[in-house]
Amino acid sequence: MFATVAAAVFMSNLDLFIVNVALPAIGRSYGGSGLGSLSWVLNGYAIVFAALLVVAGRVADRSGHKPVFLTGLAVFTLASVGCALAPNVGTLVAARLVQAAGAALLMPTSLALLLDTTAPEKRAGAVRAWASIGGIAAGLGPVAGGLLVEAGWRWVFIVNVPVGIATIALGVKVLPSPGRTRAEKSPLPDLFGAALLSGSIATLALSLVKAPDWGWASAGTLGGLAAAVLLGVWFVLRSARHPVPIIELPLLRVPAFASAAAALTLFTVAFAGMLLGSVLWCQGVWGYSALLTGLAIAPGPLLVPPVALRIGPAVARFGAGRIALAGTVLFAAGILWWVATLDTGSAYAASLLPGMMLTGLGVGMTLPVLTGVSAAALPPARFATGSAITSMGRQIGAVLGVAILVGILGTPAPGHAVAAFQRGWYAVAAASLLAACATVPLVRKPRPAAAKAADVEEAAKAGAA
């Protein structure tokens with residue numbers, strides 16, 4: 001049963017990293033499509049996933065985890081076929097939106113199915129095993145993406161099809177079908193609120209991506225930013241009144257949860273900018289192939305799982321806030337190392353590699369620890385809801401990270417690429433340092449007692465994905 005869930009989760013997590021590596025090749029195959037248009041291959045997916053995550057979890061509680069999981073897997077697989085056959089960027093983005101809807105159905109139910117069949121005393125280990133799948137996908141993703149792109153970027157999506165079909169066939173036989181629960185009669189979350197959230201994020205991303213073309217002070221850019229703010233305010237006001245909002249605002253009044261959620265969102269802005277920026281640098285400035293790019297990027301992601309799994313004792317000794325603060329600062333240091341050393345003729349081992357190792361160490365110290373803090377800050381009855389909120393925040397952060405980087409890079413004039421990337425790296429580092437500021441309330445809180453520290457340590461391990 002675990003193998004079935006693991007295969008589906010691995011496939012959906014792997015998709016993020018291999019699509020990043022494939023982005024330049026996708027642009028070339030579509031007649032040199034601009035970076036602004038291509039960014040929606042990433043951002044469209046993240047926006048839909050973020051907006052539907054809570055809705056999908058509630059639907060699964062009402063309708064049953066197994067049917068929703070299999071439906072999500074089928075949608076993801078069919079959408080992968082659509083991505084592979086897409087004749088243009090617009091069709092590819094549309095297929096990616098459908099793929100994200102499938103992932104939103106798939107991800108929350110995968111863990112629920114695992115817990116449905118796991119004894120209470122073994123659930124912590126099961127959650128850690130489930131969470132480690134994301135770390136493994138992160139480590140293998142860049143290299144796998146490079147290998148697939150060497151055969152043609154469409155293989156990035158084709159590879160999902162046989163895995164999806166096999167997992168569906170196995171899942172029908174082995175996945176449990178739990179009995180009916182009281183959640184079946186509970187109302188669905190605010191669907192209109194989900195649309196408002198999607199509209200706000202999409203409008204903000206569009207304004208940032210198009211600003212270099214429209215002009216940062218143009219009516220289009222300023223109007224788009226204003227519309228994004230208005231939609232966001234409308235969403236917050238509606239969430240405050242709706243009986244089943246997408247985001248339960250009272251949870252944000254829990255100080256530790258609010259600080260951890262804010263830091264996670266800001267740190268993901270930096271992480272997404274770093275990941276896309278490193279791919280664009282390797283292929284666009286150094287002229288690396290997709291495979292060589294994957295190999296160049298891989299050391300950072302490969303460092304994340306071992307760090308995440310061994311950070312528990314340090315959390316127990318120094319406190320989660322101090323560890324997360326150190327992680328965000330290390331990540332920023334890695335990016336600033338790139339500012340100081342990366343050039344058209346710089347050596348990989350002396351420039352990109354040290355920064356990649358620092359960022360990998362920072363991710364391993366930050367993401368799992370902050371995820372653990374956010375979980376430990378809430379009562380068990382709100383763990384699933386809180387997890388959905390932090391996951392949504394990370395997706396929003398990913399959208400903003402890509403949009404900000406693309407907006408800063410634009411289309412650099414010949415000979416100005418290094419300066420453009422330096423401006424982008426400064427923005428990425430700034431986002432990580434803002435995340436560091438968001439962790440300060442966690443540092444100032446008294447260190448938890450030994451039992452509480454153990455709880456945070458376990459939660460941190462569970463959050464490694």
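Is Trp153 buried or exposed, and what is its relative accessible area? Trp153 is buried, at a relative accessible area of 6%, where buried stands for under 20% relative accessible area, exposed for over 50% and partly exposed for in between, with a 1.4 Å probe and protein chains only. The model is predicted, so local features need pLDDT of at least 70 and side-chain atom pairs count only at pLDDT 80 or more, while totals for chains, interfaces and linings use all residues. Residues are numbered from 1 along each chain as its sequence is written, and side-chain values use heavy atoms, with hydrogens and water left out.

Of its 465 residues, 55% count as buried. Among contacts (heavy atoms within 4.5 Å) between residues at least 6 apart in sequence, 85% join residues at least 24 apart.

A search of the whole structure gives 10 aromatic pairs, a pair being rings of Phe, Tyr and Trp (its six-membered ring) with centres within 6.5 Å; planes under 30 degrees apart are stacked, over 60 edge-to-face and the rest tilted. One of them is the stacked pair of Tyr45 and Phe49, with 6.4 Å from centre to centre and 5 degrees between the planes. Both residues belong to helix α2 (residues 35-63), where they sit 4 residues apart, about one turn of the helix. Tyr45 and Phe49 are both buried. Trp153 and Phe157, in turn, form an edge-to-face pair, because their planes stand at 90 degrees, with ring centres 6.2 Å apart. Phe157 is buried too, at a relative accessible area of 1%. Elsewhere, ring pairs join Trp281, Trp286, Tyr288, Trp338, Phe421 and Trp425 into a cluster.

Helix packing comes next. Helix α10 (residues 255-285) and helix α15 (residues 352-376) have axes that come within 10 Å and cross at roughly 155 degrees; axes are lines fitted to C-alpha atoms, for helices over the stretch in contact, and angles run from 0 to 180 degrees between N-to-C directions. This makes α10 roughly antiparallel to α15, given that angles under 35 degrees count as roughly parallel, over 145 as roughly antiparallel, 65 to 115 as roughly perpendicular and the rest as oblique. The crossing of α10 and α15 is left-handed, meaning that the near helix is turned anticlockwise from the far one by less than a right angle; clockwise would be right-handed. Residues making the contact include Phe267, Phe271 and Met274 of α10 and Met356, Thr359 and Leu370 of α15. By class, this contact of α10 with α15 holds 15 nonpolar, 7 polar and no charged residues, with Ala, Val, Leu, Ile, Met, Phe, Trp, Tyr, Cys and Pro taken as nonpolar, Asp, Glu, Lys and Arg as charged, and the others, Gly among them, as polar.

Helix α14 (residues 320-341) also packs with α15, at an angle of about 155 degrees and with the axes 7 Å apart. The two helices, α14 and α15, are therefore roughly antiparallel to each other, and α14 passes α15 in a left-handed crossing. The contact of α14 with α15 has 20 nonpolar, 7 polar and no charged residues.

Met274, part of helix α10, is buried at 4% relative accessibility. Leaving aside residues up to four places away in sequence, Met274 touches Phe331, Ile335, Trp338, Met356, Thr359, Trp425 and Val428. The C-alpha atoms of Met274 and Trp425 are separated by 7.6 Å, although these residues are 151 residues apart along the chain.
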